[in-house]
There are 2 protein chains.
Amino acid sequence: MGERVTMADVARVAGVSAATVSYVISGKRPVAPATRVAVEAAIDELGFAVNTAARTLRTGRSSLVALIVPNIANPFFAQLAAALQEELRGLGMHVVVCNTWARRDEERALLAEAVQQRFAGVVVTPFRLPAGELEAVAAAGVPVVVSADVPFGRVDHVAPEARTATRRALEHVTGRQRRRIAMIAGPRDATGGDPRLELLRSLALQYGAAVPRELVVRGEHTREAGASGFAELMTRPYRPDAVFCGNDVIAVGALDKARELGVDVPGEVALIGHDDASFASLVRPQLTTIRYPADEVGRKAARLLLERFNGREVHKTVRVQAHFVVRASA
Amino acid sequence: MGERVTMADVARVAGVSAATVSYVISGKRPVAPATRVAVEAAIDELGFAVNTAARTLRTGRSSLVALIVPNIANPFFAQLAAALQEELRGLGMHVVVCNTWARRDEERALLAEAVQQRFAGVVVTPFRLPAGELEAVAAAGVPVVVSADVPFGRVDHVAPEARTATRRALEHVTGRQRRRIAMIAGPRDATGGDPRLELLRSLALQYGAAVPRELVVRGEHTREAGASGFAELMTRPYRPDAVFCGNDVIAVGALDKARELGVDVPGEVALIGHDDASFASLVRPQLTTIRYPADEVGRKAARLLLERFNGREVHKTVRVQAHFVVRASA
């Protein structure tokens, strides 16, 4: 399918230089409208499939794909990186992992680097970045895949399908007569809000439970925030008997604090994490969690990038199924 | 000190173009010997300090520093990355973390990328790479800092000072009447050998203990290798009563296996890790380990890079003190 058609063939049919064809495809330099129409007609006629991976090699675009994440110390992202790397290796591409500490200025600076260095692509879990800025990166010719619960602008998107898993978690918890459900959630100023909290809330009522406002505490996605969030919850007059955490890093911090305070998990308080990061099975009690498989996220992100390299122009959302994993903490 | 002397001044004195001065400094293009001598004489005469950070900005060299490591899932490296990032942020530089899985081809490819992309610097924990290849990267104008127990060629080097800590560990273990000491070490084909094993062996005799050949098992620096190494040791007729591990990732795998086999740690077998990676205090029993502070390693590596940016040309080794940390596993 057009794999044997080269840019030179397109140039010949359109009556322009190969460089002009390249400018039309990449959008890197302005091209007169009439010329653009001629080139596009030639591309259609010949069935020329733009192979960005090959173009990358020709044009000196980097073979690096950046994975930009809020916290590289979260093993979820290490696993995602490994899967991404595995999928892209065959193409001679390499993954570099960039840490933003969930800071907007770092997110912004690293994306700017990716554009300036002509990276082959970016996979990003944005945290405080306005969605429009990701669209700008994509418009600058660097394919972008967002890995997040909610979309960040019109770019490719890998997202969890967590409704069923969250139902299972609520069934599990309420089946053990727990009704006072708390959440240690992310910060209020995260660009995407807190979809995990919203999902939990919207489903809890169906199980005769509630996540009242006074049982939602907020902080960064860190172990420290998990510890202080848990301590705060334990001071509430309406004390929770089940605590959901925004991710497993938070849950591990909550577990630290429970041990320190002598609160029995799961006897007094059930604790449920999110992600199933590698240490979820390391801690004691082992963490019950809503598993979001990082390796599958990495593989799907890689495939979205590949499709872009091969010329797809319309943005696309791909879902990855989450699962409720029962261990010892709930 | 020469900070006001520019490359143009050097060029004027040497009677060459600024570009030629730049080639002499960077080594990026060949320069006739006589010209090189003239430029070097002018540099000496004027006291011109090559400010690589400034040059970076002028020449479009990247603001990225690559941290190339065998396993990003090892939290030791996440912590190192964070410290490196913190130190370099003020210079407007960013850290990207690259994972080699301890594979020589990946190490090689990522270093090639760092050169080709004109990265500002590289911090690397090599595993299977011949030392000469790091010197080649440095010669290509990219400052290299090796973080490893032994030097890898004549490049900057951050290394542990672990003799005292290893003595303490041996005192601790032999003080509890343990004499049959095993080690789950790294693979035989690691370029740097296994300095941690060698150090342990060389000191053990002074404590009336030994690390006999049949109690050394080898594998990758992974949790899986830790598990299978521990299982193997438990089948030995001369069964160890203390097991040292090449790092904490290995130790966590050993702990998994001990639990599976019903071997009491530390009752039957004392277990000692290496590094004090973040999960050392997460597992139960908490890991007794030889702490090698990743954050200090990251800071020292950053400083070595900065000195290079400011013109230091002679390679340098900096030591970071390791400490024996007693928790529950030994």
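1. Basis. The model is predicted, and local features need pLDDT of at least 70, side-chain atom pairs count only at pLDDT 80 or more, and totals for chains, interfaces and linings use all residues. Residues are numbered from 1 along each chain as its sequence is written, while chains are lettered from A and ligands numbered from 1 in the order in which they are written.

2. Sheet. An open sheet of 12 strands runs in the order β11(A)-β5(A)-β4(A)-β3(A)-β1(A)-β2(A)-β2(B)-β1(B)-β3(B)-β4(B)-β5(B)-β11(B), with mixed pairing. Strands are DSSP runs of E, at least two residues, and helices are runs of H or I, at least four, numbered from the N terminus; two strands pair if DSSP finds at least two bridges between them. The edge strands are β11 (317–321) of chain A and β11 (317–321) of chain B, each pairing on one side only.

3. β2 (residues 94–99) of chain A pairs with β2 (residues 94–99) of chain B in the antiparallel sense, over three bridges. C98(A) stands opposite V96(B) in β2(B).

4. Cores. A nonpolar core is a set of buried Ala, Val, Leu, Ile, Met, Phe, Trp, Tyr and Cys residues joined through C-beta atoms within 7 Å. The largest has 195 residues, and A66(A) and A66(B) have the most contacts inside it. Helix α5 (residues 75–89) of chain B gives the most to this core, with nine residues. Leaving aside neighbours within four places in sequence, A66(B) is in contact (C-beta atoms, placed from the backbone, within 7 Å) with residues including V96(A), V96(B) and L110(B).

5. Helix α10(A). The 12 residues of α10 (residues 223–234) of chain A should span 16 Å at 1.5 Å a residue, and the end C-alpha atoms are 17 Å apart, which agrees; the expected span is 1.5 Å times one less than the number of residues. Among the buried residues of α10(A) are R223(A), F230(A) and L233(A) (buried: 20 or more other C-beta atoms, placed from the backbone, within 10 Å of the residue's own). Their cover includes β6 (181–185) and α11 (248–261) of chain A.

How values were computed
Buried ≥ 20, exposed ≤ 12 C-beta atoms within 10 Å, placed from the backbone. Contact = placed C-beta atoms within 7 Å.
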